[in-house]
Amino acid sequence: MSKVSITIPDGFILGAAASAWQTEGWSGKKDGQDSYLDLWYKNNRHVWHNGYGPAKATDFINRYKEDVALMKASGLSHYRTSVNWSRFLTDYELGTVDEEYAAYIGNLLDEMKRNGIEPMLCLEHYELPAYLLEKYDGWSSKKVVELFVLYAEKVLERFAGKVSRWFTFNEPVVVQTRVYLDAIRWPFEQNTGKWMQWNHHKVLATARVVELFHRKGYGSHGTMGVILNPEVTYARSAAAHDQKAAHLYDLFYNRVFLDPMIKGEYPQELLDLLQKHDVQFNYSEQELAVIRNNTVDEVGINLYYPHRVKAPSREWNKETPFHPAFYYEHFELPGRRMNKSRGWEIYPKIVYDFAMRIKTEYGNVPWFIAENGMGIENEGQFRDASSGEIQDDYRIEFIAEHLYWTLKAREDGANCQGYMLWAFTDNVSPMNAFKNRYGLIEIDLDNNRDRRQKKSSHWFKSLSESGVLSLTLDDEDK
């Protein structure tokens with residue numbers, strides 16, 4: 001074991017994140033303002049852990065002043081959340097703003113500024129209006145691209161003067177992958193063509209909003225980026241068949257967004273494979289030109305655990321639709337270090353490995369860790385009997401190790417702007433609800449959702465104030 005210290009550079013982001021739908025709750029929500037997540041919860045509530053969903057969440061919409069004070073007490077320099085598209089408008093076709101919800105957003109931003117916390121806003125974090133899903137089949141339709149640009153224009157008109165860092169989507173690949181590739185989330189439809197159409201329209205919508213952002217002059221004092229969740233992929237072995245499996249896994253799940261959004265072009269290999277498997281989606285040369293000419297200004301990267309794959313061990317069932325799993329199987333590394341609550345491997349070096357990839361393959365574009373964190377089940381077992389405080393040393397260790405590799409990557413030339421934790425408070429996750437706790441701040445579901453700082457909150461405050469990360473590494477022979 002060795003003790004190391006590493007200085008955090010001036011201006012380096014030390015923040016945390018959450019989304020609108022996972023925190024705000026439905027208080028004040030009007031009829032017709034359901035999001036996709038609200039509709040899923042209403043139609044499929046039994047799959048949500050203990051029945052908890054977005055209905056009350058953490059009641060952030062009513063308690064944001066209390067929470068902003070806790071952000072300051074936790075030493076956050078930045079806080080990233082989303083504007084809930086389904087609530088920001090009362091008419092999605094005309095772009096009619098809900099003045100009550102817009103006032104709440106404005107008040108939240110002002111409260112954060114008063115407390116010295118820089119806001120970052122995402123335009124869509126799974127909050128596609130249910131109306132657009134039901135009328136246009138969601139991101140299957142080019143009409144929804146147009147309506148997203150209209151929505152973005154309305155949000156920017158209100159808040160571009162209050163926020164300098166903007167993002168179109170958080171994890172744009174996730175919803176359609178869970179619904180249309182894997183068919184494990186409502187409305188459970190396996191349709192690979194629709195999966196790719198949703199991918200493309202989110203890429204196109206991002207390019208259109210980037211173009212709008214700079215054409216309107218907002219780029220003179222701000223940036224428009226995107227937040228992606230690349231799956232840092234390792235092959236089981238050096239054998240050609242396993243290397244191919246990892247390469248194609250990366251192509252379908254990572255490069256499908258990384259390449260067009262940063263480089264301006266889809267990988268030709270991806271388009272060729274989709275054609276080979278008769279996966280049809282609609283796009284035009286004009287749309288490809290818009291994508292090529294309007295790449296993002298910066299990228300947020302969500303990283304939690306490594307993805308390990310191997311070549312398939314059995315023949316594909318030809319009666320099922322094409323799925324990228326035609327080319328891979330998941331692989332569990334024997335002896336891996338685990339977060340047993342989540343079933344996820346802990347391998348902090350994914351941050352460094354992906355940072356070097358951005359440096360060498362993606363022009364060292366400005367980026368930052370937008371989400372990284374550790375969800376633990378039954379966290380109350382770690383409560384101190386006298387103080388009542390959760391003693392989450394495991395979270396402190398997890399953050400410290402991942403932040404260490406983030407800073408090492410920066411030292412080695414990665415254009416990394418910061419590290420943001422998921423999450424600021426415990427909050428609702430899709431289906432898992434409050435099962436796994438991620439926050440620096442505890443949400444007490446049994447006592448009016450009272451907030452309490454965990455040990456990690458105080459540690460993060462000290463880290464922010466000292467500007468020095470100190471930790472013990474398991475790096476010596478024993």
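Modeller: Helices (H or I, at least four residues) and strands (E, at least two) are DSSP runs, numbered from the N terminus. Keep in mind that this is a predicted model: local features need pLDDT of at least 70, side-chain atom pairs count only at pLDDT 80 or more, and totals for chains, interfaces and linings use all residues. Residues are numbered from 1 along each chain as its sequence is written, and side-chain values use heavy atoms, with hydrogens and water left out.

Biologist: Why is S141 called buried?

Modeller: Buried means under 20% relative accessible area, with exposed over 50% and partly exposed in between (1.4 Å probe, protein chains only). S141 has 15%, so it counts as buried.

Biologist: What does the side chain of S141 have a polar atom 3.0 Å from?

Modeller: The backbone nitrogen of K143. A polar contact is a pair of N or O atoms within 3.5 Å; within protein, one must be able to donate a hydrogen and the other to accept it, and residues adjacent in sequence count only if both atoms are side-chain atoms. S141 also touches Y136 and H201, leaving aside residues up to four places away in sequence; contact here means heavy atoms within 4.5 Å.

Biologist: And N339, why is that one called buried?

Modeller: Its relative accessible area is 6%, so N339 passes that cut-off too. N339 lies in strand β13 (residues 338-339), and a polar atom of its side chain is 2.9 Å from the backbone oxygen of G375. Beyond residues up to four places away in sequence, N339 touches W344, I346, M374, G375 and I376.

Biologist: How do you know that the span of helix α5 agrees with what it should be?

Modeller: The expected span is 1.5 Å times one less than the number of residues. For the 16 residues of α5 (residues 99-114) that gives 22 Å, and the end C-alpha atoms are 22 Å apart, so the two agree.

Biologist: What makes D98 a cap for α5?

Modeller: A side-chain oxygen of D98 lies 3.0 Å from the backbone nitrogen of E100, at the N-terminal end of α5. Just after α5, G116 takes a positive phi of about 75 degrees. Buried residues in α5 include Y101, I105, L108 and M112.

Biologist: What makes something a pocket and not a cavity?

Modeller: On a 1 Å grid over the protein atoms alone, a cavity is a set of points where a 1.4 Å probe fits but cannot get out, while a pocket is an open set with protein on both sides within 12 Å along at least five of seven lines; lining residues have an atom within 4 Å of a point. Grid points are joined across faces, edges and corners, and a volume is the space filled by probe spheres set on the points.

Biologist: What volume does the largest pocket have?

Modeller: About 1,200 Å³. Of its 47 lining residues, R178, Y305, H307, R342 and W344 are the closest to its centre. The largest share of that lining, three residues, comes from α8.

Biologist: And how many cavities of 30 Å³ or more are there?

Modeller: Eight. The largest cavity has a volume of about 60 Å³, and its lining includes W21, W26, D38 and R87.
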